[in-house]
Amino acid sequence: RTKHTTLYLYCSPLFYLLPSITLAGVIKMADICSITEYISSIVPQVTELRKHIHSHPELSFQECQTASHLISFFQKLNNPPTEIVKDIGGTGFLAIFDFNTKDNYSNRTIVFRSELDAVKVEEKNVMDHVSTCPGVSHKCGHDGHMAILAGLAMVISDLYRPNNGKVVLLFQPAEETGEGAEKMVSDLHPVLDSMLNDENTTIFALHNVPGFPMGSVVLPRGNSFASASKGMHIKLEGCTCHASQPHLGKNPTMAMCNIIQSLYAIPSLHVPYDQKAIVTIVGARSGEKAFGVSAGEAEVMATLRSTTDTTMKLICTHATTLVQGIASTYGLKHTITYEDEFAATINNPNCVEEVRTAASQCNFDTFYMDEAFPWSEDFGVFLKKTKGAMFGLGMGETHQPLHGEWYDFTDSELSKGILMFTTILKNSLETQVVSA
């Protein structure tokens, strides 16, 4: 007992993993420490992988080299994935570890997801792994997310292997545009489609979140983790005339201004107090720089956000109605299109509890938000198909913001992400220690 207590003091927080680790019903205390020791040993290799990916960013649906580099990494593992399924939704792929045998089969599948793409932001950092692609950089931390899944793959390969069931690492393209997850699902690839439609499948993801303590796990108090959003593009068409005789034309400028004011008013006038919505005008234009011409066309671009898909439908309905009414009042033609559409990311309560349990076992602090993050994540597309959860991983209170020119993923947090996913995996599937 004294010996075990001493090991507990040195091995915290991995002592808490004891109930989920099984090897013929019992596992040596020394093996509890082995997981942190192993993760620490692979951090340099995982960090090198992240920095390589960071230096070679690729935009949405262009992530060919990123996917290829990751696949090559997985194929070189001591115990590589059973199968790698490529070209789903474009550059997306699955790394499948299948531990089922004829005599030992489970229908349980646990999926861990990462994004592949970078953003259109010019990097201003001065560092060895600076982006080599002008105007493109990993400013949302997807390089870190990929590296965490790579580390999880190494844990599965070298340390702990489920007795049965499947572990799937899902890499999706084009998260930044909100198209990648939907494209993977709509491809109806038989492997992914059957997996997502199986009630025995669960899916998990994390997102790094600046502004929270390093290594903390961040969850909303409700089920909505990230907001739904849409880019609304309104075009107004009147007719031009000479600027000295505006009464002979149909200038849409006043209508444009009225639409902007009315859109801003939708959340306060039409959204119930217990729900949340935001309207942001991201651009507006009327006419051209021609001082002798009264404008004949205008456009308004706005981002609509809400914490639920139901509220999104509500604000879209009111936005459409007001545009139609204002355009009609001014005798204008109009069109409305939507771009960059994201569903709300709605977590499954049972899967959230799995995240809470894992955070407690890892002895990580958990922070609860009163409402969902206002930004959007297309992980919600997968959550419409199968149960799962997304959580935040704190990057530090003073960390540079997401999509900021100076942002870079904090490498010290890679081990914590790997440990969280490993713990969730071990709690979901019975595992054993890989023999030396």
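Strand β5 (residues 166–172) and β2 pair in the antiparallel sense over six bridges. Strands here (E, at least two residues) and helices (H or I, at least four) are DSSP runs, numbered from the N terminus. Two strands count as paired if DSSP finds at least two bridges between them. Ile96 has Val168 in β5 as its bridge partner. The model is predicted: local features need pLDDT of at least 70, side-chain atom pairs count only at pLDDT 80 or more, and totals for chains, interfaces and linings use all residues. Residues are numbered from 1 along each chain as its sequence is written, and side-chain values use heavy atoms, with hydrogens and water left out.

Strand β2 (residues 92–98) also pairs with strand β1 (residues 83–88), antiparallel, through four bridges. Ile84 is bridged to Ala95 in β2. Ile88 stands opposite Gly92 in β2. The two strands form a hairpin with three residues between them. In its turn, Gly89 has a positive phi of about 65 degrees. Six of the seven residues of β2 are buried; buried means under 20% relative accessible area, exposed over 50%, and partly exposed in between (1.4 Å probe, protein chains only).

Strand β6 (residues 201–209) contains Thr202. Thr202 has a relative accessible area of 3%, so it is classed as buried. Neighbours within four places in sequence aside, Thr202 is in contact (heavy atoms within 4.5 Å) with Arg108, Thr109, Ile110, Val111, Cys351 and Lys387.

A further sheet is open and has four strands in the order β11-β13-β9-β14, paired antiparallel. Its edge strands, β11 (277–286) and β14 (333–342), each pair on one side only. From one strand to the next, the twist averages 15 degrees. Axes are lines fitted to C-alpha atoms, for helices over the stretch in contact, and angles run from 0 to 180 degrees between N-to-C directions. Nine bridges join β11 to strand β13 (residues 297–306) in the antiparallel sense. Within this pair, Gly283 stands opposite Met301 in β13. Helix α7 (residues 253–270) packs on the sheet and touches β9 (228–237), β11 and β13. The direction of α7 makes about 170 degrees with that of β11. Helix α8 (residues 309–329) lies across β9, β11, β13 and β14, and runs at about 10 degrees to β9.

The largest pocket holds about 580 Å³ of space. Lining residues have an atom within 4 Å of a point. Grid points are joined across faces, edges and corners, and a volume is the space filled by probe spheres set on the points. Of the 23 lining residues, Glu176, Ser229, Arg305, Asp340 and Phe342 are the closest to the pocket centre. The elements that give two or more residues to this lining are β9, β13 and β14. The largest share, five residues, comes from β9. By class, the lining has eight nonpolar, eight polar and seven charged residues. Nonpolar covers Ala, Val, Leu, Ile, Met, Phe, Trp, Tyr, Cys and Pro; charged covers Asp, Glu, Lys and Arg; the others, Gly among them, count as polar.

Technical notes. 1 Å grid on protein atoms, 1.4 Å probe; cavity = no way out; pocket = protein on both sides within 12 Å on 5 of 7 lines; lining within 4 Å.
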